[in-house]
Amino acid sequence: MSTERLRGGHWQQLSRDDLAALFAPDVVAFLPPGFHGLTTQISQRNFLTILSKQAEVVGLFEPSGAGVGLLILSNAEPNSSDRHLGYLLAQRVWGQGLATELIAALQDRYRGTDVTLSGGVMHDNTASARLLQRAGFAGEAHGDETVYRWSGTQG
């Protein structure tokens, strides 16, 4: 996967500094508890190793090669066309439209297929909620989060 400003690659290529930026408290604030409190490179790499056994974990890199994010796609259930979507970007690139670019690339990848992308967004995470709404995802409240869905059959 690649966009004008992002290239997908092996998460193992993320440097110690890249990982530190991605697991910073402000970056993981709205993510599930497993992402929290990982302050060493060893704990971060161990977590991603375990996660990559359950999901597709893609490192996101700038053209310069600097790591700026992670994309996580997992199947909702075995043999299901529903893919759970997760992403995080280093704080230094927030507000530059990279998340919008990433979501658009995923939609291009799955457009015309039976794949449904879904992502849970905590109610306080207004930036991610607005991003997914602008991208055509429909939201439905579930407890302390809203689950946003987009179907490849839409367009």
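Q: At what angle do helix 4 and helix 5 pack?
A: In this predicted model, helix 4 (residues 98-110) and helix 5 (residues 126-134) pack at about 40°, and their axes are 10 Å apart. Axes are lines fitted to C-alpha atoms, for helices over the stretch in contact, and angles run from 0 to 180 degrees between N-to-C directions. Helices (H or I, at least four residues) and strands (E, at least two) are DSSP runs, numbered from the N terminus.

Q: What do we call helix 4 relative to helix 5?
A: That angle makes helix 4 oblique to helix 5. Under 35 degrees counts as roughly parallel, over 145 as roughly antiparallel, 65 to 115 as roughly perpendicular, and the rest as oblique.

Q: Which residues meet there?
A: From helix 4, A99, T100 and I103. They meet L131, L132 and R134 of helix 5. By class, this contact has four nonpolar, one polar and one charged residues. Here Ala, Val, Leu, Ile, Met, Phe, Trp, Tyr, Cys and Pro count as nonpolar, Asp, Glu, Lys and Arg as charged, and the others, Gly among them, as polar.

Q: What else does I103 touch?
A: Leaving aside neighbours within four places in sequence, I103 is in contact (heavy atoms within 4.5 Å) with L85, Y87, L131, L132, A135 and F137.

Q: New topic. How many residues are in the largest nonpolar core?
A: The largest one has 25 residues. I103 and L106 are among those with the most contacts inside it. Helix 4 gives the most to this core, with six residues. A nonpolar core is a set of buried Ala, Val, Leu, Ile, Met, Phe, Trp, Tyr and Cys residues joined through side-chain atoms within 4.5 Å.

Q: Is E62 buried or exposed?
A: E62 is buried, with a relative accessible area of 18%. Buried means under 20%, exposed over 50%, partly exposed in between (1.4 Å probe, protein chains only).

Q: Where is E62 found?
A: In the loop between strand 2 and strand 3. Not counting residues up to four places away in sequence, E62 touches R5, V68, R92 and V93.

Q: And A21?
A: A21 lies in helix 1 (residues 16-22). At 30% relative accessibility, A21 counts as partly exposed.

Note on methods. Residues numbered from 1 in each chain as written. Predicted model: local features only at pLDDT ≥ 70, side-chain atom pairs only at ≥ 80, totals over all residues. Heavy atoms only, no water.
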